[in-house]
Amino acid sequence: MSCRSLADRIDALLPQTQCTKCGYDGCRPYADAIADGSAPINRCPPGGDDGIAALSALLQTPALPLDLERGEPGPLLVARIDESHCIGCTLCIQACPVDAIVGANKHMHTVLADWCTGCDLCVAPCPVDCIQMVPAGRAWTAEDATISRQRHRSHQARAERLAADNARLMAPETPAAASAPPPAADDAQSEDRKRSAIESALARARARRNPTQS
């Protein structure tokens, strides 16, 4: 069995809440770490003892007690925004790993309860403490996990596209002279280059005379 296929099987057993309580940036990185032997199987509070048992059976390794320093298992919670206090800062939207919060800058935000994984990553960034985790009134299912995995992948893909777009916008422009050969010089262009060279020389001379002003 290849490491990649093992990681896929491990990932399929994880709850896909993307809560990062395991110490990794989502369920897939944790699955990769388990597969390569760098992480134990007991770091997933949402998975609880049942999740540990499933991983133990897959990997044919002894089950371990849940690492309670990572959090405690419990019923599914979902985020709820006190809309009367929401200032529309969008920090919770940016923090949500599955795009379960909708809204716009300086406008009220709302949680899509059916999408919320209970990760609580939106709580800490809220500057006005208007987000609470409340009982969902339902259990997290295997179908929820499958859908959440896809939403997280879509979220990551969009974030990567935005980062690439921002990098392109922030990149310095390449001078035209560096990307294309100079055009054939006529008299006017020669005069322009001569004038530019003289101005550059004068600027360097002034800088040498007044180093503190350069």
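Domain bounds, as used in these legends, come from an automatic or database domain assignment. The structure is a predicted model, in which local features need pLDDT of at least 70 and side-chain atom pairs count only at pLDDT 80 or more, while totals for chains, interfaces and linings use all residues. Residues are numbered from 1 along each chain as its sequence is written, and side-chain values use heavy atoms, with hydrogens and water left out.

**View 1. The largest pocket lies between two domains, because domain 1 (6-70) and domain 2 (77-166) both give residues to its lining.** A pocket is an open set of points on a 1 Å grid over the protein atoms alone, where a 1.4 Å probe fits and protein lies on both sides within 12 Å along at least five of seven lines; lining residues have an atom within 4 Å of a point. Of the 28 lining residues, T17, P45, P46, G47 and G74 lie nearest the centre of the largest pocket.

**View 2. Helix α2, residues 27-35, is mostly covered.** Seven of its nine residues are buried, which means under 20% relative accessible area with a 1.4 Å probe and protein chains only. Among the buried residues of α2 are C27, R28 and Y30. Helices are DSSP runs of H or I with at least four residues, numbered from the N terminus.

Technical notes
Buried means under 20% relative accessible area, exposed over 50%, partly exposed in between (1.4 Å probe, protein chains only). Helices (H or I, at least four residues) and strands (E, at least two) are DSSP runs, numbered from the N terminus.
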